[in-house]
Amino acid sequence: MDSNSENDFLEEDYYSVLNLPKSATPEEITYAYRRLSKIYHPDKHVEENKKKQAEVLFNKTQKAYEVLKDPHQRAIYDCVGVKGLKTEGWEIVHRTKTPQEIREEYEALARDREERMLRLRTNARGVFTAKIDATDIFEPNQYLDFDNEDDSYLYIPTIEVSSMTMSMSTEAPITLRDTIVLSGNLSSRSGSVSSSYKRLLSTNGWVKYDVTAGNGLHVGAKIFKMITKTIFGTVEGSLNDLSSGMLKPVGRVLLGTSLGARTTGYISLGGRLTSIKHTSLSTEVEHNTERSYCMCKLEIGLAPAISMLYTWKFIEQDLLLRIYARAGVLNSKLEYGVEKKVSKLNTFAATVQIDVINGVTLKIKFVRASQTYIFPILLSHDVITPPIFYATFVPIVSWFVAKNVILDPIMKDYKNREINKQREINKKRMAELRQEALSAINLMMATMERIVREETEKRGLIIVFAKYGNAELINQSGESFDNNDTLQPNIIDVTVPLQCLVKDSQLILHSTTKCQLPGFYDPCIGEDKALIVEYTHRDQKYEVKINDNEALRIPRPHSVLVRTATPPS
């Protein structure tokens, strides 16, 4: 079996087997084991068939208990899972190291691996930019005679690539403190090569030096320092265009401070050091939250301007909307666009730029891992309505067409292949787990009936029905999904197992996958799963739905009231 297959193979989750959180105390572990032992111990059953079923489940429960009750084995299991327990040589470690030392050793090994990878990694990044002139679509050639009555020709707008730029950078960490970056830039008109060296001076500061050759020489340095816990600053300077004989020293000083938990303020002074009129002062405030980012900036100097940027993040859809406006003495512009994460490695973005000087531009960007492709398409030299309209709506329509016709079928096919792969690898294992779950339910019946009697007498917690499986089907089920519904292949009935977990009129499930709880199994491996529970408490009927890894504690005030239950006779 290759490494990928090993990663797809299902491992035992000992915490789920005992329905415990990872923070469980030794007393909680022992209590959970004893409670399940009352159900699974072979001596509790008379029938030969039930004895065999109980023996399998009791051994599984006992294995989980033996690992979690032993601090050394639990430390190994928490760090690397079941495979760590199968590694030879741990018998010596058990006698020579404490659980905390084992955890620290794993953390140290992880840091060593990261450092080795850091030294070997190059982090190559590339950017390809092709500027496209499509102004002939909206601004036809002025020399063409459109009044000519000769209609024997068909006018086709000219679209051409006005310039191309390719850049590549390679980051080479030397040590954990020192990093060298080599980069090059090649365009249809010129090119340059640069290198930079960055060193961490401490946890509160770093210094960076860079040199660029091409179109003159550029030499610069930048220092960052945390002045206090909330104030930081940077100082940078450079010498430009040395080869032209014109020495242009440029400098910049920036101070930043935290204005709140999510708000930061900046003030910056910079420009040409030999000319006061070429210096500028700017102040900026930014506010960043989980779902939004806002920035306001005021620049004072040779070309005063004020600019604002606002970004809204739709986290569930991996979508980002962005709008930027700048009003200045020399130029004003407006930008708005959208960025969509298509997959883990691919991102697509489209931005409309409306510039008083440069006209209307549609900027298309595609990011694939560390490679970026940018296509600025100049639609018109002047700010006119038609190119703005088409630049706004054509990408939206194109995206929805491509998504529904190309991307969705491809992603669906890929997901199905991954699911089928996992199912094939775990085919035998899943059959075993299904049989174990059915055996567990068979053994739980007597316990379930006893708990139901006890809870009925005190008007406590009664599980009317509980279904577990495909999240989409369960979320669509609603109240119509009652106890008499015929179960689909990817939905299982877990009413009995949940009722057996009820104690003192409460049911507690922890934030781990539910598929390895006693009496559960995974009926739809690779798919999103959910749990729906309908229960009665104090003669009222409630319904609650949770995702697979979501914690559950019932009864709870925010459960959905279904209807008044009929009091037990």
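Modeller: Thr 361 is a place to begin, and it lies in strand E16, residues 359-368. Please keep in mind that this is a predicted model.

Colleague: Is Thr 361 buried or exposed?

Modeller: Leaving out residues up to four places away in sequence, Thr 361 touches Thr 351, Val 352, Gln 353, Pro 376, Ile 377, Leu 378 and Leu 379. Its relative accessible area is 12%. The cut-off for buried is under 20%, so with 12% Thr 361 counts as buried.

Colleague: How many helices and strands does the protein chain have, and what percentage of its residues count as buried?

Modeller: The protein chain holds 12 helices and 24 strands. It has 569 residues, and the part that counts as buried is 37%.

Colleague: What span should helix H4 have at 1.5 Å a residue, and how far apart are its end C-alpha atoms?

Modeller: Helix H4 covers residues 48-69, which is 22 residues. The expected span uses one less than the number of residues, so at 1.5 Å a residue H4 should span 32 Å. The end C-alpha atoms of H4 agree with that, being 31 Å apart.

Colleague: Which residues of H3 are buried?

Modeller: Helix H3 runs over residues 26-40 and reaches 21 Å from its first C-alpha to its last, close to the 21 Å expected. In an α-helix, residues three or four places apart point the same way. The buried residues of H3 are Ile 29, Thr 30, Ala 32, Tyr 33, Leu 36, Ser 37, Ile 39 and Tyr 40.

Colleague: How many bridges join strand E2 to strand E3, and which residue in E3 is the bridge partner of Ala 172?

Modeller: E2 covers residues 160-173 and E3 covers residues 178-187. A hairpin through 4 residues joins the two strands, and E2 and E3 run antiparallel, joined by 9 bridges. The partner of Ala 172 in E3 is Ile 180.

Colleague: Which residue in E2 stands opposite Gly 126?

Modeller: Strand E1, residues 125-133, runs antiparallel to E2, and 9 bridges join them. The residue in E2 opposite Gly 126 is Met 168.

Colleague: Which strands give two or more residues to the nonpolar patch on the surface?

Modeller: The patch consists of Ile 227, Ile 231, Leu 255, Ile 267, Leu 269, Leu 281, Leu 298, Ile 300 and Ile 306, with about 770 Å² of accessible area together. The elements that give two or more residues to this patch are strands E9 (263-272) and E11 (292-300).

Colleague: Why does Ile 267 count as partly exposed?

Modeller: Ile 267 lies in strand E9. Ile 267 counts as partly exposed because its relative accessible area is 42%.

Colleague: Which residue does Glu 236 meet in a salt bridge?

Modeller: Side chains of opposite charge can pair when their charged atoms come close. The N to O distance in this salt bridge is 3.1 Å, and the partner of Glu 236 is Arg 252. The pair links distant parts of the chain, strand E7 with Glu 236 and strand E8 with Arg 252.

Colleague: Are Asp 522 and Lys 529 buried or exposed?

Modeller: Asp 522 forms a salt bridge with Lys 529, with the closest N and O atoms 3.2 Å apart. Asp 522 has 10% relative accessibility, so it counts as buried. Lys 529, at 11%, also counts as buried.

Definitions and conventions
Residues are numbered from 1 along each chain as its sequence is written. This is a predicted model: local features need pLDDT of at least 70, side-chain atom pairs count only at pLDDT 80 or more; totals for chains, interfaces and linings use all residues. Side-chain values use heavy atoms; hydrogens and water are left out. Two strands pair if DSSP finds at least two bridges between them. Buried means under 20% relative accessible area, exposed over 50%, partly exposed in between (1.4 Å probe, protein chains only). Contact means heavy atoms within 4.5 Å. Patches are made of residues with over 30% relative accessible area and no salt bridge: like charges are joined within 9 Å, nonpolar side chains (Val, Leu, Ile, Met, Phe, Trp, Tyr) within 5 Å. Accessible areas come from the Shrake-Rupley method with a 1.4 Å probe; for residues, only the protein chains shown count as cover. A salt bridge is a side-chain nitrogen of Lys or Arg within 4 Å of a carboxyl oxygen of Asp or Glu.
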